[in-house]
Every structure is written in structure tokens, then in C-alpha cells.
Amino acid sequence: MNEAKIIKVSGPLVVADGCLGARMFDMVRVGTKKLIGEIVELKGSQAFIQVYEETSGIAPGEPVVLTNEPLSVELGPGLASSIYDGIQRPLNVLRRETGDFIPRGVEMPGLDLAKRWSFQPQVKAGDPVREGDILGTVAETALLVHKIMVPPGCGGKVTSIEKGEFTVRETVARIQTPGGPREIAMAQRWPVRKPRPVRTKFAPSEPLTTGQRVIDTFFPIAKGGTACIPGPFGAGKTVTMHEVAKWSDAQVIVYVACGERGNECADLLLSFPELKDPRSGRPLLERTVIIANTSNMPVAAREASVYTGVTIAEYFRDMGYSVALMADSTSRWAEALREMSGRLEEMPGEEGYPAYLSSRLAEFYERAGKVACLGSDSRQGALSIMGAVSPPGGDLSDPVVQATLRVVKVFWGLDDKLANSRHFPAIDWLQSYSLYHENLDAYIRENIAADFSQLRQEAMRLLEEEASLLEISRLVGIESLSFNDRLVLETAKSVREDFLHQNAFHEVDTYTSLLKQYRMLRVIMLFHRLGREKIAAGVEFEDISRLPVREKIARLKYLPEDRPEEFQKVEEALGNSHE
């Protein structure tokens, strides 16, 4: 290892001289306390280092140790159920060994090096393997089977493989590669800024169901898709993210709390171990990895936390799993970029953000996708990325929001007026959108119903008509509207209150399957169609709006999933009431 000296300290930025041979984004150890840092700029023999720990007390003249290795994470059994900081230090282990506050310069492996895991081989000696092939499996938790893969760039013939209990760094197999023999352990390291390789990327074609009706029906995200959820303070970004994390049908959840307030992170860390996986009843944490990087932690570590999370997510995707990553929030990551850019004296872009803000956001979201994994089998994996954005005052013209919207395909725009009126999820149906409808239409037609998309479009049209009719009714009064227009308002109100509004604390209403969503929407739109027919036949609007069946429609959301006959009864009651 080479050694250099500090010549300047400016907050999280440290400048060192004597760094010839260093490379961009190499990891370094700064000062006598050996703080963890990363090289972000090189000028001659000088290296500009962003330090991921507090730099108070660091002085010029102290040594800087170059590791000549990029910032990497350790991948292997033990990731699931773990809670890390931004540079993959396990917080529960740190607390046990160092107390409630993390001392500076402490280095700790991301995986438990002493724990022994039961390894079950899937290949035998003499078998040819290539990069990405599955050598064996480990039952990591009751919800997750960890697949030990041949590392990228490695391939050849298996000369030996053993069954039994091993630590993550012990050799479980030996492969004769063209470059010579290679020992394979259950753990592997990977640079966080380098996307993990895949064979092919596909267009997303299957929805990532979340159980939230406004998302799944109106603004769906595909497995392998990207979504942005901006909104002002208190509009429900974090709550919506928690609901998606709990109920989405992804097999692995990676939750990155990037610059979040400490009390929200505490709530996350306390609630997730208590949550039950809705499909198995096991603790949800058994298929979840949490990266907790609170707002009072060093600002530079926010950037590392996002890359750490997406690299872990890609690793599970390579096993053939569907993975959902939630980044909450990318605004605070962008603020870290802005602070470092200012200290580097770079030319500022819009609102002081660096000129490369858009490209950094694009690099992050482009790591999502539905892919054919490396390996000789035909397994597929998917990584879906959802990022919360916290623009000042909820201003959607904020550069972070606009840069994000240029690269994501789903926009869930939160409205604080909806949140204040206790309408949750507070996603504004008039400004939100999803560009995945065409990709998902074939799946919806084949697995749910042929007319689901048509019902959605009709309901969306009614909500848009409602917005304009409400403006007119404020001027001339609702009694001045035609019966058909008043029926539009009544049906749109039913869509809003009986369909879009959801109670996260109700054991049934907190989650709705796609099939139940279709049945609910079909009943509401059937009421509208029959109402139009009755108005055309001369029936008074008040007689239609006061039908007893309206109460049954309002209670459909509380019907259990396994009672489809109840929906049929409501449809029959609708038909009878209009005879």
C-alpha cells in the first residue's frame, strides 16, 4: 500500500498529496483514525477524497492510506434480515460492540464471519460451469433460499465441491479455469458503482402488485420497472413506501433510508421486525435488507448508501428473484452531491446542484430491469426501483424531480390536500401517470379480465370530467348541471371514496388483489352505465343516487378475497334496482 499526506480538510472533503497511482473511486483510509473515504477527483499527485465519517479533529500532515481497491460490498449468506449503515457496517453488531454511537474509523465486515451455514451442492466434481451458474444453495431464512453462484468472469470445470457447514469465507468448491485453479467461497465482493453483468435485458411485462388500488389499477409499476414518488412534507411518501415494501409481491425487499430523519428510521427499524409476511406469516425482515443512513450521519455517506443498496439488490436479482428497492429519499442523496460539488468548487448547475445530477440519477435508475441472469440455465430476475423525492415545499419543478421524471416511467404524485383530508394513499390521480399500461395489457387480459383496461380508462375519464364539472358547479351551483353530469360526479365520488381510498389499519382493506380490484371497479362502472340508461328513460337523478345498493357498493372494499359470490350478488342487486 502507498502512503500520502493530508494537505487540506474542508468538511467531508479531504485533499491529499502524494497519491500518484491512485484511481478514481478507490477507497482510502484517512488520518490517524483511518476514516473511510473514496477518491472523487484526481489532479496530478493530489487526490480529492469524500470521507464517509465525521472529519472533525483531522489535521494536515496526517497519513492517507491508498487501498487501490474500489468501494465494495460483501455479498453472501447473512444479508437477509440485516440492518446496515451506508457503507455496509452491520448496525446491530456495532451497537453490541461499541454502544449506541458509532466510533470513527471502526471497520467491520458486512457478513458474520464466524457463523456456519449449511451448504447443499447443486453440481458435482467434473461438471463444466460458467459465470453465474448455481453451485449450491443455503437456507438463509425460512423465506429465502440463498443461491451460491459462480462469480462473474469465472468459468471452467469443477474439480471439487463439498457438502457441509462452512463460514462465508471458507472454500466450498474449486474450479479449474483457463487461467488456473480458483477457490470459490460463499461470499464474494463487488464494487458498488459497477452494475453487475447480465445476459439480456427484457421489456417489463408483468405487474409488481402492491395491493394498493390506486397504484395497481391506475398507475401500475412493472417488475423490473422504475417509479418516482414526489410530494411535500407530510403527504405520505414514507408511509406509501412502507405499504409497498410490506405488500408487494417481490421476493426480496431492499429498503434504503437515505438521509431520513432519525425518528422515521427508528420507526422503520422497530416496525419491520414486527411485520409479518402476508403470504407466509413469517417476519417480513427474513426477506428484507435495510440500509439505514439518517440525516445526522455524515452527508457523504448518503451517496454510498444508495449504491450499496442497489448492488445488494442486483445480487439477489442474479439469483433469479424479483427484487424491489425503495430509496427514501433521493432528494437527500442529491443534497449530498450538491455539498460535495460545492466543496470541490465545481461549476454549479440549476439551484446549485452539480451539472452531472441528471446522469447520476439516470445511472442509478438504469440499474433496474427484467433480465436473463448469467449462467447456463434460463432463470430470469427483476429489479424494480422506487425512489421518493422530497422537493422543497412540494415544488415539482425542482431539478431533482425533473431529472428523475426524465428517466422513470411511473410518477406517483402526492398531494398534501388529499393527505390533510385523510385520503390515503394521497396519490393525485390527475397528475400521476404510468407508462407501463401497454406492457402489462397482455398479462392483465390473460390473468385478470379482458375488459379491465377499458374499465380503468372509463373510470379515469370520469375522474377527469369530475374535476372540470366541480369548477362549473362552484360558479353556477350543482343543481344547474344536467342529470348526466350529476351522475358523473356521483360515480367519480364512488371511485374516489369506495375504490381509491384505502385503510392501511383495516385487516382486509389494507391489501386488495388485482382480481378483487377488477370486481370492485366493474361494479362501480356498472352502476354508472345503468344510471345513464335510467336517466335516458326519464328517471329522476335523486332516485338513482338514493338506491339502497349504494351502501353495498361502499362496503365491497371490506369483503374478504375468498367471497367472489358477494360481488355477483351486488351486481344482481344493481340490475334489479334498475328494472
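How do the residues of the lining of the second largest pocket divide into nonpolar, polar and charged? In this predicted model, that lining comprises eight nonpolar, twelve polar and eight charged residues.

**Pockets**

The second largest pocket holds about 490 Å³ of space. Of the 28 residues that line this pocket, Ala235, Gly236, Lys237, Thr238 and Val239 lie nearest its centre. Helix H3 (residues 237-247) supplies the largest share of the lining, five residues.

The largest pocket has a volume of about 870 Å³. Its lining consists of 30 residues, and those nearest the centre are Leu91, Asp100, Ile102, Thr294 and Met297. Two or more lining residues are given by each of helix H1 (91-98), helix H4 (262-271) and strand S21 (288-294). The largest share, five residues, belongs to H4. By class, the lining of the largest pocket has 16 nonpolar, seven polar and seven charged residues.

| Pocket | Volume | Lining |
|---|---|---|
| Largest pocket | about 870 Å³ | 30 residues |
| Second largest pocket | about 490 Å³ | 28 residues |

**Helix packing**

The axes of helix H5 (residues 301-318) and helix H6 (residues 330-343) come within 8 Å of each other and cross at roughly 130°. H5 and H6 are therefore oblique to each other, and their crossing is left-handed. On the H5 side, the contact is made by Arg302, Glu303, Val306 and Tyr307, while H6 contributes Arg332, Trp333, Glu335, Ala336 and Leu337. Classified by residue type, this contact of H5 with H6 contains five nonpolar and four charged residues, with no polar residues.

Technical notes. Residues are numbered from 1 along each chain as its sequence is written. This is a predicted model: local features need pLDDT of at least 70, side-chain atom pairs count only at pLDDT 80 or more; totals for chains, interfaces and linings use all residues. Side-chain values use heavy atoms; hydrogens and water are left out. Axes are lines fitted to C-alpha atoms, for helices over the stretch in contact, and angles run from 0 to 180 degrees between N-to-C directions. Helices (H or I, at least four residues) and strands (E, at least two) are DSSP runs, numbered from the N terminus. Angles under 35 degrees count as roughly parallel, over 145 as roughly antiparallel, 65 to 115 as roughly perpendicular and the rest as oblique. A crossing is left-handed if the near helix is turned anticlockwise from the far one by less than a right angle, and right-handed if clockwise. Contact means heavy atoms within 4.5 Å. Ala, Val, Leu, Ile, Met, Phe, Trp, Tyr, Cys and Pro count as nonpolar, Asp, Glu, Lys and Arg as charged, and the others, Gly among them, as polar. On a 1 Å grid over the protein atoms alone, a cavity is a set of points where a 1.4 Å probe fits but cannot get out, and a pocket is an open set with protein on both sides within 12 Å along at least five of seven lines; lining residues have an atom within 4 Å of a point. Grid points are joined across faces, edges and corners, and a volume is the space filled by probe spheres set on the points.
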